[in-house]
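Let me put the structure up, and then I'll talk you through a few parts of it.

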Amino acid sequence: MKKLISRLFGKERRKFQRFIVEEVTPTFTKAVQPEEAVVENISIGGICIKYSGESEITDNTFDLDITASDGFHLGNITVERKSDSITRSGPEDKRPYRRVRGRFIGVSKVQRLKLQRFLESYERKFAAE
């Protein structure tokens, strides 16, 4: 019932608003780096990454670094994996595309401030659906 009311009134279900970003690259520090990985959307509290590969990210927590083409650099941040699913199968010669969603944990005050400033100054602020 709560979800239905939220949909009717267009309210966001998440605690933090997510922003669709372009040219933002995640670099996995401990886990195996996927062939292609891009940040699909990001918020103060979490991230959604689209990547290609046959195997899913199995670790419950993993570290990554986030960089953007405009010079933004967040540094190592720990992400708690919430889901990892296949979004669509790839062509026969390519691997399937996957989407991992996660929540930031252990974020320092400096990282939180940097991320907040990046999202505020980002030119294209589109709320993710």
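I'll go from the overall picture to the aromatic pairs, and then to one arginine.

Ground rules, quickly: this is a predicted model, so local features need pLDDT of at least 70 and side-chain atom pairs count only at pLDDT 80 or more, while totals for chains, interfaces and linings use all residues. Residues are numbered from 1 along each chain as its sequence is written, and side-chain values use heavy atoms, with hydrogens and water left out.

From the N terminus, the order reads α-β-β-β-β-β-β-β-α. Of the 129 residues, 37% are buried, where buried means under 20% relative accessible area, exposed over 50%, and partly exposed in between, with a 1.4 Å probe and protein chains only. If you take contacts (heavy atoms within 4.5 Å) with a separation of 6 or more, 56% of them come from residues 24 or more positions apart.

Now the aromatics. Rings of Phe, Tyr and Trp (its six-membered ring) pair if their centres lie within 6.5 Å; planes under 30 degrees apart are stacked, over 60 edge-to-face, and the rest tilted. How many aromatic pairs does that rule give? Two. One is Phe28 with Phe62, a tilted pair at 5.5 Å centre to centre and 35° between the planes. Phe28 sits in strand 2 (residues 24-28) and Phe62 in strand 5 (residues 61-68), so that pair links parts of the chain 34 residues apart. Phe28 is buried at 5% relative accessibility, and Phe62 is buried too, at 4%.

Then there's Phe72 with Phe118: centres 4.2 Å apart, planes at 20°, so stacked. Phe72 is in the loop between strand 5 and strand 6, Phe118 is in helix 2 (residues 109-121), and they're 46 residues apart. Phe72 counts as buried at 11%, and Phe118 at 4%.

Last stop, Arg99, in strand 7 (residues 97-105). Which side chain does the Arg99 side chain make a polar contact with? That's Glu40, at 2.9 Å. A polar contact here is an N or O pair within 3.5 Å, and within protein one atom must be able to donate a hydrogen and the other to accept it; residues adjacent in sequence count only if both atoms are side-chain atoms. Beyond its neighbours within four places in sequence, Arg99 also touches a set of residues including Cys48, Tyr51 and Asp84.

Note on methods: Helix = DSSP H or I, 4+ residues; strand = E, 2+ residues; numbered from the N terminus.
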